[in-house]
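Welcome, and please have your viewer ready.

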Amino acid sequence: MKWRWLIMAAALLLVAGCAGIRGIAPSGPANEAAWQSRRAQLMRLHDWEMQGRVGMSNGSDGGSGAMDWLQHGELLQFDFHGPFGSGALDIKGDGNVLHVKSSRGDNFITSDPERDFMRLLHVPLPVLRMRYWVIGLPAPRAAFTRQLDAKGQLEQLAQLGWQISYFAYANFDGHDLPTRMLIQRGQVRIKLAIEQWRLGRTSTPAGTAQ
């Protein structure tokens, strides 16, 4: 089907963009002291918004589209608009429960998004862990291994069966934050190309308590 070829082409282009930027990481030995300082700084970063594009594939199907993620403490809102399966997705919730709506009429509540997004999108989107991974931190209360660059930034993170590769960072309001990354497990690929970070409380996720 023509639309599937177009979707896969878009996903491949996003992967190529990530791969092409790998070489910008600072050269030199891993900087453990800088990582400890950086980790402490990022753990105090509770309120942020990021915008960009996300591409997802499961080895046979995939697609890409625009994303907007707003995080305020434990409250989150993730909006996705793209051409595959679900069309548009609206995800709201906290660190325990997510409320999900899609443009094709899928409405459900989940405390296990990997399982339920696999059913909906055929991609086990790890939203509750990604809120940490996208800012360059391991998720709390779970074992991990990591590889650092000379600035103490994550290059590779392995956690809960997922492998996260960081290809590029940029400075936003005094914080070096990821702008290109790949999250993968088996044949599942989730590519993020982040265009904008806004730090501090810009607004409260819609439909959540103040």
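Which residues does Gln159 touch, not counting residues up to four places away in sequence? Select Gln159 in this predicted model, and show its neighbours: Trp133, Pro138, Ala139, Ala142, Ala143 and Phe144.

Stay here a moment. Gln159 belongs to strand S8, which covers residues 154-159. Gln159 is buried, with a relative accessible area of 2%. Now display the side chain and look at two of the neighbours again. The side chain of Trp133 makes a polar contact with that of Gln159, at 2.9 Å.

Next, select helix H3, residues 113-121, and colour its buried residues: Pro113, Glu114, Asp116, Phe117, Leu120 and Leu121. Turn the view until you look down the axis of H3; the buried residues fall within an arc of 165 degrees, so they line one face of the helix.

What does the face of H3 turned away from its buried side carry? Select Arg115 and Arg119, the exposed residues found there.

Back on the buried side, show what the buried residues of H3 pack against. The partners are strands S4 (88-93), S5 (98-102), S6 (107-110), S9 (162-172) and S10 (175-185), along with helix H4 (127-133).

For the last stop, select His122, which follows H3 and has a positive phi, near 65 degrees.

Conventions: Residues numbered from 1 in each chain as written. Predicted model: local features only at pLDDT ≥ 70, side-chain atom pairs only at ≥ 80, totals over all residues. Heavy atoms only, no water. Buried < 20%, exposed > 50% of the residue type's maximum accessible area, 1.4 Å probe, protein only. Helix = DSSP H or I, 4+ residues; strand = E, 2+ residues; numbered from the N terminus. Arc of directions from axis to C-beta. Contact = heavy atoms within 4.5 Å. Polar contact = N/O pair within 3.5 Å; in protein donor to acceptor, adjacent residues only side chain to side chain.
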